[in-house]
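The points below are grouped by topic.

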Amino acid sequence: MMDENFKYIYLKYRGFSVNVACKIVKDITVAEDISQEVFSHLYEIRHSLNFSNEKMMKSLIFTATSNKTKDYLKKPWRKREEYLLNDDRFVAVSDESANPETLIIREEERRYRKLVLDKLRREKPVNYDILIKTKYFGISPDSVAEEYGITRNNVNNRNLRTKIWMRKELEKMQKKPL
């Protein structure tokens, strides 16, 4: 069952997110996909969000959508995407998907990264929250510092220490099988 606060925010701001993305990519289908990705990530971190502050939520959604859309435009494979007819359906195939071994390796890396992020969220929730806000959602370190009552330098140091911790955890996990 979906969290009611998240459902409310999703229903209220989904169209807003799609419009923000559509203004940048000029394609409603792509904009809807981007918006869905943004809300999927918001759902994953819903326990660390303050749904009662709608102004902050709208700002977070705007920033996340803008950043996700800009990232989409930067993807090199996007320009070389081809469509192949397969079983009466059009299937998008990028240069990267041509090699099954690469796909398997990438999927394994994603699983490890997800496990590390889950562990970070459990063991160091403040560092997790700061990292997600500054690196994923693109919220300025100054804004995050103000929210937590710490200095910008402290935010940057926490992010650096968190990345080092994550790298070590990832190395440990990759040494032992899942």
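From the N terminus on, the elements of the chain run α-α-α-β-β-α-α-α-α, which gives seven helices and two strands. Helices (H or I, at least four residues) and strands (E, at least two) are DSSP runs, numbered from the N terminus. The model is predicted: local features need pLDDT of at least 70, side-chain atom pairs count only at pLDDT 80 or more, and totals for chains, interfaces and linings use all residues. Residues are numbered from 1 along each chain as its sequence is written, and side-chain values use heavy atoms, with hydrogens and water left out.

**Chain as a whole**

- Of the 178 residues of the chain, 31% count as buried; buried means under 20% relative accessible area, exposed over 50%, and partly exposed in between (1.4 Å probe, protein chains only).
- Among contacts in the chain with a separation of 6 or more, 61% are between residues 24 or more positions apart; a contact means heavy atoms within 4.5 Å.

**Helices α1 and α2**

- Helix α1 packs against α2 at an angle of about 140°, with their axes 8 Å apart. Axes are lines fitted to C-alpha atoms, for helices over the stretch in contact, and angles run from 0 to 180 degrees between N-to-C directions.
- That angle makes α1 oblique to α2, on a scale where angles under 35 degrees count as roughly parallel, over 145 as roughly antiparallel, 65 to 115 as roughly perpendicular and the rest as oblique.
- The crossing of α1 past α2 is right-handed; a crossing is left-handed if the near helix is turned anticlockwise from the far one by less than a right angle, and right-handed if clockwise.
- On the α1 side, the residues that meet α2 include F6, I9, Y10, Y13 and R14; on the α2 side, they include I28, V30, A31, E32 and I34.
- By class, the contact of α1 with α2 has 15 nonpolar, three polar and two charged residues. Ala, Val, Leu, Ile, Met, Phe, Trp, Tyr, Cys and Pro count as nonpolar, Asp, Glu, Lys and Arg as charged, and the others, Gly among them, as polar.
- K26 is found in the loop between α1 and α2. Although K26 is not a glycine, it has a positive phi of about 60°, and at 66% relative accessibility K26 counts as exposed.

- Helix α2 has 17 residues and reaches 24 Å from its first C-alpha to its last, close to the 24 Å expected at 1.5 Å a residue. The expected span is 1.5 Å times one less than the number of residues in the helix.
- V30, A31, I34, S35, V38, F39 and L42 are the buried residues of α2, and they pack against α1, α3 and α5.
- Helix α3 (residues 54-74) has 21 residues and reaches 30 Å from its first C-alpha to its last, close to the 30 Å expected.
- The buried residues of α3 are M57, L60, I61, T63, A64, T65, S66, K68, T69 and Y72; what covers them includes α1 (4-25), α2 (28-44) and α5 (125-136).

- Helix α7 (residues 152-175) packs with α5 at an angle of about 105°, with their axes 9 Å apart. That makes α5 roughly perpendicular to α7.
- V126, N127, I130, L131, T134 and K135 of α5 make this contact with V155, R158, N159, T162, K163 and M166 of α7. By class, the contact has five nonpolar, four polar and three charged residues.
- The axes of helix α6 (residues 141-148) and α7 come within 8 Å and cross at roughly 100°. That makes α6 roughly perpendicular to α7.
- P141, D142, V144 and A145 of α6 make the contact with R152, V155 and N156 of α7. The residues of this contact divide into four nonpolar, one polar and two charged.

**T134 and N159**

- T134 is found in helix α5, and at 10% relative accessibility T134 counts as buried.
- Leaving aside its neighbours within four places in sequence, T134 is in contact with I139, P141, V144, V155 and N159.
- T134 and N156 are 22 residues apart in sequence and 9.1 Å apart in space, C-alpha to C-alpha.
- N159 has its place in helix α7 and, at 4% relative accessibility, counts as buried.
- Neighbours within four places in sequence aside, N159 is in contact with I130, L131, T134 and K135.
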